[in-house]
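Please look over the model shown here, with its sequence alongside. The report below is meant to be read next to both.

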Amino acid sequence: MKIANIMQVQEMIIERFRESVPKTKSVIQHLADVLEISYDAAYRRIQGKAKLEIEESMKLAKAGQFSLDHIMTAQQDLTALGTATDTINSINSLEKYFKDMETNLKAAGKDDVEWIYSAKDIPVFHHFNDSLLGRFKIYVWLHLLDDTMEGKRFADFHLPLSIKEQIKINKSLFEQFKRVEIWNDTTISSSLQQIHFYHEAGYIDHDTAKVLCDDLRELLKNAAADLLQESYSIYYHELLLMSNNAVVRKKGIPVAGFVTMTMLGYIRFSGSNILNRMNDFFNHQIRQSTSIKDSSLKERSIFFNKMEQKINALEKSLERFHL
């Protein structure tokens, strides 16, 4: 049944807020305190004799820790209210993007949180470290998004200390969660292509390209080691097309979806039937995929050796170009 009118929406907001109020507290008084209104004014809103303003609804949702998206779109199959990331076109806007990422990670909480990621590219958190590859990936992102980076060689690019510290914070927050990544044979391809392109174009020298290849091997080695932890899993499917989209679950229930909008930008949404459909699709992908964590040693070695062979092929190409 679709929501008939505004007052029905208000009733749902009040009910969700009521569920969040401890039994030892008065719902009316708690609402009055949150909205900073009189007891009588709060009573009229609960009884539907006075309308909630938009700002008041947002305050109640924040205090009650529930999503207005869910209420507004619960009965609409094809609607989702989302928040898009800001435009990234400079080092400063990239730093803000990383800071906003910290906010999203903290908002997810710590207990029983699971991130499922469709890895069209190697997930960004694998690059949040002090490696040359980590700095190179940020260089590539900015080179493609910031017009002032045109013509700037990698050797002349240096990360501000504030960004180095921010990505370490983000990495430590992300590693608190259970992480599930779905890979295919092309997940590593964009990183290989970037090394090849920037080497051939003269933005990185031969020695740097070789170090980047070694760093990529080290990344895969670390991923293989992480599979021994209960909190990390990789699923593999040879034919599935990845998207860089993600779903966050809390206690097994989907609470947020992240849909890729631009190279780094995404739309975050929650509480709609679209989120449930997206979650169902991720479950379907996982069922069709092979768990690398649960595979035999032989199958796991084959998975990582395929990517190792691609790195070897790139290195041979770099040698031919160097000659």
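Predicted model: local features only at pLDDT ≥ 70, side-chain atom pairs only at ≥ 80, totals over all residues.

## Helices H2 and H4

Two packed helices are described by the angle between their axes and the distance between the axes. For helix H2, which spans residues 27-35, and helix H4, which spans residues 54-64, the axes come within 10 Å and cross at roughly 115°. Because angles of 65 to 115 degrees count as roughly perpendicular, H2 and H4 are described as roughly perpendicular to each other. The crossing in which H2 passes H4 is right-handed.

The contact is made by Leu31, Val34 and Leu35 on the H2 side, which meet Glu56, Lys59, Leu60 and Ala63 of H4. Sorted by class, five of the residues in this contact are nonpolar and two are charged, while no polar residue takes part.

## Aromatic pairs and a cluster

Across the whole structure, a search finds 21 aromatic pairs. In one of them, the ring centres of tyrosine 236 and phenylalanine 303 lie 5.5 Å apart with the ring planes at 65°, and since planes over 60 degrees apart count as edge-to-face, this pair is classed as edge-to-face. The two partners come from distant parts of the chain, being 67 residues apart, with tyrosine 236 in strand S4 (residues 232-236) and phenylalanine 303 in helix H12 (residues 297-322).

Under 20% relative accessible area a residue counts as buried, so tyrosine 236, with a value of 13%, is buried, and phenylalanine 303, with a value of 6%, is buried as well. Elsewhere in the list of aromatic residues, Tyr97, Phe98, Trp115, Phe125, Phe128, Phe174, Phe177, Phe258 and Tyr266 form one aromatic cluster.

## Leucine 173

Leucine 173 belongs to helix H8, residues 161-174, and its relative accessibility of 12% places it among residues that count as buried. When residues up to four places away in sequence are not counted, leucine 173 touches Glu102, Leu105 and Lys106. Between leucine 173 and lysine 110 the separation is 63 residues in sequence, whereas their C-alpha atoms are 8.7 Å apart in space.

## Glutamine 285

Glutamine 285 is located in helix H11, which covers residues 273-288. With a relative accessibility of 2%, glutamine 285 counts as buried. Leaving aside residues up to four places away in sequence, the residues that glutamine 285 touches are Ser118, Ile182, Leu240, Leu241 and Met242.

Key. Residues numbered from 1 in each chain as written. Heavy atoms only, no water. Axes fitted to C-alpha atoms, helices over the stretch in contact; angles between N-to-C directions. Helix = DSSP H or I, 4+ residues; strand = E, 2+ residues; numbered from the N terminus. Parallel < 35°, antiparallel > 145°, perpendicular 65-115°, else oblique. Left-handed = near helix turned anticlockwise from the far one by under 90°. Contact = heavy atoms within 4.5 Å. Nonpolar A, V, L, I, M, F, W, Y, C, P; charged D, E, K, R; others polar. Phe/Tyr/Trp six-rings, centres within 6.5 Å; stacked < 30°, edge-to-face > 60°. Buried < 20%, exposed > 50% of the residue type's maximum accessible area, 1.4 Å probe, protein only.
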